[in-house]
Amino acid sequence: MTANVQVAAILVSLGLLVLVVELVRRHQLSEEHSLLWILCALALLLLSLWRDLLHTMARWLGIFYPPALLLLVLIAFAFIASLYFSVITSRQRRQIERLVEDVAVLDAELRDLQRTPSKEPGGEGG
């Protein structure tokens, strides 16, 4: 890996880390969801800084151009994050459907109560 590629990889990794921290600080990304992105940025940073680890892992995986491993790691994390957020979205969609059903039932009950004439207290048998 050339020095230029290593510097670019380090800058991208640090940029991702800073971006995630800033999004959490501005409450645009929850802490719960930021963990995955922070792990991704740290893994990329580790591989970018520690060239021997990158070369060893690339050789072990049969990758002839070690910086391609950085892209593979990034794609793998993006895939994992996408799957994770799809699971969260599916869960939230089910919760929203249940809430819509509950609101519809409560709305129907409220309309029934409004149509039923109310009885005055003490008006019967009193």
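The protein chain has an average pLDDT of 86, and 92% of the residues reach at least 70. Among the elements of the protein chain, α2 has the lowest confidence, with a mean of 84, while α4 has the highest, at 91. Where pLDDT is low, the predicted coordinates should not be read in detail.

The protein chain contains 4 helices and 0 strands, and the order of its elements from the N terminus is α-α-α-α. Helix α1 covers residues 3-25, α2 residues 31-49 and α3 residues 51-61; α4 covers residues 67-115. The C-alpha trace spans about 95 × 30 × 20 Å along its principal axes. For a compact globule of 126 residues a radius of gyration near 14 Å would apply, but the value for the protein chain is 27 Å. Of the 126 residues, 23% count as buried. Among contacts with a separation of 6 or more, 61% are between residues 24 or more positions apart.

In soluble globular proteins, nonpolar side chains tend to be buried together. In this model the largest nonpolar core has 16 residues, and L70 and V73 have the most contacts inside it. Each of α1, α2, α3 and α4 supplies at least two residues of this core. The largest contribution to this core comes from α1, which gives 5 residues.

Helix α1 has 23 residues, which at 1.5 Å a residue should span 33 Å; the end C-alpha atoms of α1 are 32 Å apart, in agreement with that value. The buried residues of α1 are Q6, A9, I10, S13, L16, L17, V20 and V24. These buried residues of α1 pack against α2, α3 and α4. After α1 comes H27, which has a positive phi, near 60°. H27 is in the loop between α1 and α2, and counts as exposed because its relative accessibility is 69%, over the 50% cut-off. Between the C-alpha atoms of H27 and V103 the separation is 29 Å, the two residues being 76 residues apart along the chain.

Helix α4 was examined in the same terms. Buried positions in α4 are P67, L69, L70, V73, F77, A81 and I88. The partners against which the buried residues of α4 pack are α1, α2 and α3. L70 and V73, buried in α4, are also the residues with the most contacts inside the largest nonpolar core.

Side chains of opposite charge can pair when their charged atoms come close. Over the whole structure, 5 salt bridges are found. One of them joins E22 to R26, with the closest N and O atoms 2.7 Å apart. E22 also belongs to a network of salt bridges that links E22, R25 and R26. With a relative accessibility of 26%, E22 counts as partly exposed, because this value lies between the cut-offs of 20% and 50%.

E97 and R93 form one, with an N to O distance of 3.1 Å. Both E97 and R93 are in helix α4, 4 residues apart, which is about one turn of the helix. E97 has a relative accessible area of 40% and is partly exposed; R93, at 45% relative accessibility, is also partly exposed. The other salt bridge is between the side chains of R115 and D112, at 3.6 Å from N to O. R115 and D112 are both in helix α4 and are 3 residues apart, about one turn of the helix. In this pair D112 counts as partly exposed at 41% relative accessibility, whereas R115 counts as exposed because its 60% is over 50%.

How values were computed:
Residues are numbered from 1 along each chain as its sequence is written. This is a predicted model: local features need pLDDT of at least 70, side-chain atom pairs count only at pLDDT 80 or more; totals for chains, interfaces and linings use all residues. Side-chain values use heavy atoms; hydrogens and water are left out. A salt bridge is a side-chain nitrogen of Lys or Arg within 4 Å of a carboxyl oxygen of Asp or Glu. Buried means under 20% relative accessible area, exposed over 50%, partly exposed in between (1.4 Å probe, protein chains only). A nonpolar core is a set of buried Ala, Val, Leu, Ile, Met, Phe, Trp, Tyr and Cys residues joined through side-chain atoms within 4.5 Å. The expected span of a helix is 1.5 Å times one less than its number of residues. Contact means heavy atoms within 4.5 Å. pLDDT is the predictor's confidence in each residue, from 0 to 100. The radius of gyration is taken over C-alpha atoms; the globule rule is 2.2 Å times the number of residues to the power 0.38.
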